[in-house]
Amino acid sequence: MLIDQLDFAKMYQQHMQQAQRSRKEPEHWDKKAQQMAKTCANPQDPYLVRFRELINDTDAETLLDVGCGPGSICLNLADKFTSVIGIDYSRGMLEAAQQRAQALNIHHAQFEQLAWEDSWAHLPKVDIAVASRSTLVDDLKQALLKLNHQAKLRVYTTHTVNPTFIDEEIIRFIGREVVRLPTYIYAVNILHQMGIHARVEFIDSPDKGGFDSFEAFKESVNWSLKNLTAEETEKLYQYYQQRVSAGKPIAYPSRNWAMVSWDVVPQEDLTP
């Protein structure tokens, strides 16, 4: 089979189904909003610094941030635009973003509770649309089309580089099945098949060293895998002790991202 015969949009959906990736309800993110406002919105965070460097704001005055969370991106870029809009399906995240905007004395930012699946027809067209770490959706092609339709100049999205958020060796050691998620390469190929030639840049996480305690290690693993059983926790402790005894510290999980961006292509010029 030749590559042009592959339907990457359909393959992505099949991959998501096989991964059994369930959509988290807004309440899940509501509970994490205040914590994420502290951990993910620091303007000195290497991810945000690099994201800002990669944005080309030439001739742009307005910005839409999809899946904005606590305003990590849109408030960090607010000084570049006369108007920024952040949308998210989590009310808690939007409240955290609004609080941060007030604290930062940013008055030209507005926020609205909207999901990827909702209609955005009432939103104004913007010069630049971004979707930062919010692209692991059920239908990636439709999400990319919506971003292209909503923007007038450019679109910037970030996607995972690694198929898992923690080392696969750890997952196998505790007896879990390794579930690999779709990565950025789907977005690149879907866009290509639509007639959009995307740019790809990488945002690498800095080396944060290793875990200094088992509790910190367990918390990190549980954040990704969820609901560790007593048996899995015991195996995880065995893994931790083996590494410590061998003088091999366990590094913090790598969270590398690919920025996939493109110049907006008119709807009529897109390949169906």
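Helix H5 passes helix H7 in a right-handed crossing, one of several helix contacts described below for this predicted model. The protein has nine helices and seven strands. An open sheet of seven strands, with mixed pairing, is also part of the picture.

**Helix H5 with helix H7**

- Helix H5 covers residues 140-150 and helix H7 covers residues 184-193; the two pack at an angle of about 65 degrees, with their axes 10 Å apart.
- H5 is therefore roughly perpendicular to H7, since angles of 65 to 115 degrees are counted in that class.
- On the H5 side the contact involves Leu140, Lys141 and Leu144, which meet Tyr186, Ala187, Ile190 and Leu191 in H7.
- Sorted by class, the residues of this contact between H5 and H7 are six nonpolar, no polar and one charged.

**Helix H1 with helix H7**

- Helix H7 also packs with helix H1 (residues 8-19), here at an angle of about 150 degrees and with the axes 9 Å apart.
- H1 and H7 are therefore roughly antiparallel to each other, as angles over 145 degrees are counted in that class.
- H1 contributes Phe8, Ala9, Met11, Tyr12 and His15 to the contact, while H7 contributes Tyr186, Asn189, Ile190 and Gln193.
- The contact of H1 with H7 holds six nonpolar residues, three polar residues and no charged ones.

**Helix H8 with helix H9**

- Helix H8 (residues 214-225) and helix H9 (residues 230-245) pack with their axes 11 Å apart, at an angle of about 125 degrees.
- That angle makes H8 oblique to H9.
- The crossing of H8 and H9 is right-handed.
- From H8, the residues Phe214, Phe217, Lys218 and Val221 meet Thr233, Leu236, Tyr237, Tyr239 and Tyr240 in H9.
- By class, the contact of H8 with H9 consists of seven nonpolar residues, one polar residue and one charged residue.

**The sheet and its strands**

- The seven strands of the open sheet follow the order E3-E2-E1-E4-E5-E7-E6, and their pairing is mixed.
- Strand E3 (109-113) and strand E6 (199-203) are the edge strands, each of which pairs on one side only.
- On average, neighbouring strands of this sheet are turned by 20 degrees against each other, with direction ignored.
- Strand E5 (residues 151-160) and strand E7 (residues 257-263) run antiparallel and are joined by seven bridges.
- Tyrosine 156 stands opposite serine 261 in E7.

**Helices packed on the sheet**

- Helix H3 (residues 46-54) packs on the sheet, where it touches strand E4 (126-131) as well as E5, E6 and E7.
- The direction of H3 makes about 155 degrees with that of E6.
- Helix H4 (residues 91-103) also packs on the sheet and touches strand E2 (83-88) and E3.
- The direction of H4 makes about 170 degrees with that of E3.

**Overall dimensions**

- The protein has 272 residues, for which a compact globule would have a radius of gyration near 19 Å; the protein has 20 Å, which agrees with that expectation.
- Taken along the principal axes, the C-alpha atoms of the protein fill a box of roughly 60 × 55 × 30 Å.

Technical notes:
Residues are numbered from 1 along each chain as its sequence is written. This is a predicted model: local features need pLDDT of at least 70, side-chain atom pairs count only at pLDDT 80 or more; totals for chains, interfaces and linings use all residues. Side-chain values use heavy atoms; hydrogens and water are left out. Two strands pair if DSSP finds at least two bridges between them. Helices (H or I, at least four residues) and strands (E, at least two) are DSSP runs, numbered from the N terminus. Axes are lines fitted to C-alpha atoms, for helices over the stretch in contact, and angles run from 0 to 180 degrees between N-to-C directions. Contact means heavy atoms within 4.5 Å. Angles under 35 degrees count as roughly parallel, over 145 as roughly antiparallel, 65 to 115 as roughly perpendicular and the rest as oblique. A crossing is left-handed if the near helix is turned anticlockwise from the far one by less than a right angle, and right-handed if clockwise. Ala, Val, Leu, Ile, Met, Phe, Trp, Tyr, Cys and Pro count as nonpolar, Asp, Glu, Lys and Arg as charged, and the others, Gly among them, as polar. The radius of gyration is taken over C-alpha atoms; the globule rule is 2.2 Å times the number of residues to the power 0.38.
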